[in-house]
Amino acid sequence: MSVAQAQHIDSLAHALTVAGELSARFTEGASARDANRELPRQQIGEFAASGLLALTVPREHGGLDVPTEVLAEIFRLLAATDPSIAQIPHSHFTFLEALRLQGTSEQQEFFYGEVLSGKLFANAQSERGPHPITVDTTTLTTGTDGFVLTGRKFYSTGALFADWIIVRASLSGGATDFEPDPSTPKALAFIPRTTAGLSVVDDWDGMGQRTTASGTVTLDDVAVPASSVVPFTEIFDHPTTYGAQAQILHAAIDVGIACGALAEAANQAGRARPHFEAHVERGVDDPLLVQLAGEVTVTVRAAGALLAEGARAIDAARADLTEESAARASIAVATAKVAATRASLEAANALFELGGTRSASGTENLSRYWRDARTHTLHDATRWKLQHIGRWTLTGARPPRHGQL
């Protein structure tokens, strides 16, 4: 999704203003895009041109290096109107963090320059079974002139729109009888979208997040120069907020869905008929609906507060990175993610309680809030986050280091 030249964001206030304006524009047509599965090419082009893609580029490279709390709020704003659009740049910022942690100075200079000009990164990480998600059968095989990349990836969000696709692969060392396992070192290959041997198939058919373009990426002996390969496994050799940052942005998307669903629920309640036993003229005066609206509001606002707290914990850890500060950030973010998951599902469900029977109309397409919430919250199981939170609470056990914490 190349742009001629992205605008420059010069302050935190400017970033939030631009995000708010885009969010308001993206509201128009969001329901129709979901219903008809119309991919948001124009909207992603506007996002790329806005300058927001460069928000986390370090200042020494010409970026603003915004606090995580600001970045999370921008994702929340976007997700409140179109969660698919919010999810598309998620991996972009995750890989910018990988570049900050593991890229050489030459790699940083080049790829940060690409991002400042409005280039979009997308991911090709996940693979289908039977292997666990910690195993990559996609391989980077060393050769005389760099590497050769071979494999297949699924759920490659935003790949159809990307200028660069970042592929996570196992380093095979040139072995022809390569058998991957979780301990095999991994690396990230930065591949131009138009590279020979790379194909992207628009075959995502999820019930929610329908326009994220999360299709299949196939890699047939793709030539990769060494200058485009960034170590991945080494990210977790030391205390890191890499996983926490990825997760806080997922949580921001869920909180955004919750906020959007709650706003729509209030709108629908204003049109709903009261129950005859309430003896009131308007649905919004029905005491049971008032009670439900209050309960959901508390849940959604609590999730928003935990989102901000988790983001601040990441920033605090990055300022003074230790085993303890990284662990605190991971637990704070895990807590926010659990709350965000619950809030998005509760608000999307309550929308129908507050709106009444007419809210189930297919024409209204209000199911998109629940479908988006249910689909996106499957990303990372909150049941395992609760395990880590519980152990931290009871024994002070630090959570493991990986990309989901």
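Mentor: In H6, the buried residues are His90, Ser91, His92, Phe93, Thr94, Phe95, Leu96, Glu97, Ala98 and Leu99. Buried means under 20% relative accessible area, exposed over 50% and partly exposed in between, with a 1.4 Å probe and protein chains only. Helices (H or I, at least four residues) and strands (E, at least two) are DSSP runs, numbered from the N terminus.

Trainee: What kind of model is this, and how are residues numbered?

Mentor: This is a predicted model, in which local features need pLDDT of at least 70 and side-chain atom pairs count only at pLDDT 80 or more, while totals for chains, interfaces and linings use all residues. Residues are numbered from 1 along each chain as its sequence is written, and side-chain values use heavy atoms, with hydrogens and water left out.

Trainee: Back to H6, then. How many of its residues are buried?

Mentor: H6 is mostly covered, with 10 of its 13 residues buried.

Trainee: What span should H6 have, and how far apart are its end C-alpha atoms?

Mentor: At 1.5 Å a residue, the 13 residues of H6 should span 18 Å, and the end C-alpha atoms are 19 Å apart, which agrees. The expected span is 1.5 Å times one less than the number of residues in the helix.

Trainee: Changing topic: how many cavities does a search of the whole structure find?

Mentor: The search finds three cavities of 30 Å³ or more. A cavity is a set of points, on a 1 Å grid over the protein atoms alone, where a 1.4 Å probe fits but cannot get out; lining residues have an atom within 4 Å of a point. Grid points are joined across faces, edges and corners, and a volume is the space filled by probe spheres set on the points.

Trainee: What volume does the largest cavity have, and which element gives the largest share of its lining?

Mentor: The volume of the largest cavity is about 80 Å³. Helix H6 (residues 90-102) gives the largest share of the lining, four residues. The lining residues include Phe93, Leu96, Glu97 and Arg100, and among the others are Tyr112, Gln245 and Arg318.

Trainee: How does that lining divide by class?

Mentor: The lining of the largest cavity has six nonpolar, two polar and four charged residues. Here Ala, Val, Leu, Ile, Met, Phe, Trp, Tyr, Cys and Pro count as nonpolar, Asp, Glu, Lys and Arg as charged, and the others, Gly among them, as polar.

Trainee: And the second largest cavity: how much space lies in it, and what lines it?

Mentor: The second largest cavity holds about 60 Å³ of space. Its lining includes Ala30, Arg33, Asp34, Arg210 and Asp372. Helix H2 (30-36), helix H5 (83-87) and helix H11 (367-376) are the elements that give two or more residues to this lining, and H2 gives the most, with three. By class, the lining of the second largest cavity has two nonpolar, two polar and six charged residues.

Trainee: On to charged pairs. How many salt bridges are there?

Mentor: The structure holds 17 salt bridges, each a side-chain nitrogen of Lys or Arg within 4 Å of a carboxyl oxygen of Asp or Glu. One of them joins Asp136 to Arg168, with the closest N and O atoms 2.7 Å apart. Asp136 lies in the loop between strand S1 (121-124) and strand S2 (139-143) and Arg168 in strand S4 (residues 164-171), so the pair ties together parts that are 32 residues apart in sequence.

Trainee: Is Asp136 buried or exposed? And Arg168, buried or exposed?

Mentor: Asp136 counts as buried, at 1% relative accessibility, and Arg168 also counts as buried, at 13%.

Trainee: Which strands pair with S4?

Mentor: S1 and S4 run parallel and are joined by four bridges; one partner pair is Ala122 and Ile165. S2 and S4 also pair in the parallel sense, over two bridges, and there Thr139 has Ser170 as its partner. S4 and strand S5 (residues 186-192) run antiparallel, with seven bridges, and Ser170 has Lys186 as its partner in S5. Two strands pair if DSSP finds at least two bridges between them.

Notes: 1 Å grid on protein atoms, 1.4 Å probe; cavity = no way out; pocket = protein on both sides within 12 Å on 5 of 7 lines; lining within 4 Å.
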